[in-house]
Amino acid sequence: MTARRRLLWMLACAALAVLVAGAAAVRWLNHLDEAPLPAQGTAPSTDPAVVERGAYLARVGNCIACHSAPGGAPLAGALAVQTPFGAIYSSNLTPDADTGLGLWTAEEFWRALHNGRSRDGRLLYPAFPYTSFTQLTREDSDALFAFLRSVPAVRQAPPAHELAFPANSQGALALWRALYFRPGSPPHDEAQPPQWNRGAYLVRAVAHCAACHTPRNALGGLRGSADLTGAWLPGGRWYAPSLVDPAEASLAAWPPEEAAALLASGVSRHGSVSGPMAEVVFTGLQYLDAGDLDAMVGYLRALEQRPARKAPVHAAPPAVLERGREVYAQHCAQCHGRQGEGRGGFVALAGRRAVTLEHADNLVQMLVHGGYSPATRGNPRPHGMPPFAQQLSDADMAAVLSYIRSAWGNQASAVNAMDIHRARERR
Ligand code: HEC
Ligand code: HEC
Ligand code: HEC
C-alpha cells in the first residue's frame, strides 16, 4: 500500500467512525433507545374536576385553536401551521380510534407532550410547540388527556404535511432535535415566591410565549440566549416584539392592572393587541382565572430587561411628512384624533410603543389589511380599523405611517413605499 492510499484509507475510517458516533449520539439524544411504553397503559380520568382542569389548560395552551381548522369540528385538527419549511397540519385530538387519540394511553400522550413523539414512536415536528410543553407537569398532561378523551369523536385524518426533502425526513428531524431539543421540567426557582413560579410555568410551559417572541436560528431552533427578545413570525408579516425591552413590549413599567387588561381583554390605556396576538388573547389568555392572570403579569413584569440597541432614526423628507399630515387629517384623525390622542374610545397613536417600534411591519399590516382587537369578556364589542389597501396608494400609506411615527413627540424611522408594496403582495 502506498503512503497515499494508506492516508485515504485512514481518512475514510475516521469519517465512518464520526458518522457512526454521530448517529449514535442523535439516537441517544432523541431517546430512541429507551424502553417501549407499557402495553397496558393508564386510561384517562373521568373525574369531572380533572376534565374541567384539562379544558382550562387546553384553552390557555391554545391546543383548541391550533387543533381546529376554520369551519371544521373543534379539536379534529387539519389546521395548516405555516413554517419556513412548509405547511404542517395539526393532528386530530378527538377520541376517534383510527384518526384521533381514541386508542392512546396517558403515557403515550405524556410522551408526545414531553418528548415530541407520536404513539407509534414517530418524531413530531416542533410546529407543535412541544419545545415548551415539555415543561408541563405529568398531572397537567393527564388532565389535558382526560379532557381530550371527553369530547365528541370525529373521524378525520389530517392532510399530509407539505414539506420538501430534507425537512420531510425523520433523519433530519432527529438531527434537529439532537441540536435544539431536550426534554424539560417545570421551571422552578426555590428563591422565588410560589406566585412567581406559577407565572413562570404559565408563560414558559402552558402559554408558550417563546414560540413567537423568541427569535430562531436558520434551522428553526429557538435561540435561548435571545430569550423573549422579539422575533418575526413565519412569512415575515408580523413581528412579535421583545417582552424584555421597555421600548417594545415589556410590561415591566406598566401598572399591573393595565398589563392584566391587555392580556385578558386585548386593550389597555397604552396598547392593544392585533393580528396573531389578538388570536392568542381571544382563544386563550382571556380565559385565565384571576389568580393565574396575576401570576403571569407578575412574572412578565419581573423579567430581567434587555433593551436592544436601536438603529439611528432617519426621518422622511419634509414633503413626504407634509403629504402624510394631509392623509392623516383626511383619513385617520376622525378616529385617532388630530393630535393622535385617540377619540371616543379609539386608540391613541401619540406615545404608543406599537407605533414607534423599530420594525414597522405590524403597522403596515394594520394599515393595508385593517384589524380588530379581539372580542373578549372585558371588551365585548371592539372597534375595528378599516383596511386602506383600496383607498390609498403605496406612497400615501408610507407617507402617513412616516408621519405618525414622527409627529406628537413620536420618534421612529420613516417607512418606505417598498415595504407597503411587499405587504400588499403577501395576501
Ligand atoms: C401552534 C400550533 C399548535 C399548538 C398551540 C398545539 N399543537 Fe398539538 N400539534 C400541532 C401540529 C402542527 C401537530 C402535528 C405535528 C406532526 O405531525 O409532526 C401537533 C401534534 C400534536 C400531538 C401528536 C398527535 C399525533 O397523532 O401524534 C398531540 C398529542 C398534540 N399535538 C397535543 C396538543 C396539546 C395537548 C396542545 C395544547 C397543550 C397542543 N397540541 C397545542 C400544532 C399545535
Ligand atoms: C402566535 C404567536 C404569539 C404568541 C404565542 C404570543 N404572542 Fe405576543 N405578540 C405576537 C405578535 C405578532 C405581536 C405584535 C402585534 C401586537 O402588538 O398585538 C405580539 C404582541 C405582544 C405584546 C404587545 C402588545 C402591544 O402592542 O402593546 C405583548 C405584551 C405580548 N405580545 C405578550 C405575549 C405573552 C405574555 C404571550 C404568552 C402568554 C404571548 N405574547 C404569546 C405574537 C404572539
Ligand atoms: C374607523 C376608525 C379608524 C380609522 C378611520 C383609522 N383607524 Fe387606526 N385603528 C382603529 C382601531 C379601532 C384600532 C385598534 C384595532 C386593533 O387593535 O386591532 C386602530 C389601530 C391603529 C394602529 C395600531 C395601533 C396599535 O397599538 O397596534 C395604527 C398604527 C393605526 N390604527 C393607524 C391608522 C392610520 C394611519 C389611519 C388612517 C390612514 C387610521 N388608523 C384610520 C380605528 C381607526
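Modeller: Let's start with histidine 213, which is buried at a relative accessible area of 10%; buried means under 20%, exposed over 50% and partly exposed in between, using a 1.4 Å probe and protein chains only.

Biologist: Before we go on, what kind of model is this?
Modeller: It's a predicted model, where local features need pLDDT of at least 70, side-chain atom pairs count only at pLDDT 80 or more, and totals for chains, interfaces and linings use all residues. Residues are numbered from 1 along each chain as its sequence is written, chains are lettered from A and ligands numbered from 1 in the order in which they are written, and side-chain values use heavy atoms, with hydrogens and water left out.

Biologist: Okay, back to histidines. Which residues coordinate the iron atom of ligand 2?
Modeller: His213 through NE2 and Met277 through SD, at 2.1 to 2.2 Å. Donors here are N, O and S atoms within 2.8 Å of the metal (3.2 Å for Na, K and Ca), and water is not among the atoms, so sites may look incomplete.

Biologist: Where in the chain do those two sit?
Modeller: Histidine 213 is in helix α9 (residues 210–213) and methionine 277 is in helix α11, 64 residues apart, so the pair links distant parts of the chain. Helices (H or I, at least four residues) and strands (E, at least two) are DSSP runs numbered from the N terminus.

Biologist: Is methionine 277 buried or partly exposed?
Modeller: Partly exposed, at 27% relative accessibility.

Biologist: And what's the geometry at the iron atom of ligand 2?
Modeller: Octahedral, with angles of 87 to 179° among its 6 donor atoms. Six donors count as octahedral if opposite donors are over 155 degrees apart and all others between 65 and 115.

Biologist: Which residues are the protein donors of the iron atom of ligand 3?
Modeller: His336 (NE2) and Met385 (SD), lying 2.0 to 2.1 Å from that iron. Histidine 336 belongs to helix α14 (residues 333–336) and methionine 385 to strand β9 (residues 384–385), 49 residues apart. Histidine 336 is buried, at 11% relative accessibility.

Biologist: Why is the arrangement around the iron atom of ligand 3 octahedral?
Modeller: Because its 6 donor atoms subtend angles of 87 to 179°.

Biologist: Switching topic: how is the chain divided into domains?
Modeller: Domain 1 covers 48–180, domain 2 covers 194–302 and domain 3 covers 318–425; such bounds come from an automatic or database domain assignment. Taken over C-alpha atoms, the centres of domain 1 and domain 3 are 38 Å apart.

Biologist: What about the largest nonpolar core?
Modeller: That core has 60 residues, and those with the most contacts inside it include Phe109, Leu136, Leu144 and Leu263. A nonpolar core is a set of buried Ala, Val, Leu, Ile, Met, Phe, Trp, Tyr and Cys residues joined through side-chain atoms within 4.5 Å. This core draws at least three residues from each of domain 1 and domain 2. There's also a second, separate core of 24 residues, including Val327 and Phe388.

Biologist: How many disulfides are there?
Modeller: The structure holds 0, a disulfide being a pair of cysteine sulfur atoms within 2.5 Å.

Biologist: Which peptide bond is cis?
Modeller: The one from phenylalanine 165 to proline 166, with omega near 5°. Proline 166 lies in the loop between β3 (162–163) and α7 (170–180).

Biologist: And what is phi of histidine 208 near?
Modeller: Phi is near 35° there, a positive value in a residue other than glycine. Histidine 208 is in the loop between α8 and α9, and histidine 208 is buried at 13%.

Definitions and conventions. Tetrahedral: all angles 85-135°; square planar, octahedral: opposite > 155°, others 65-115°.
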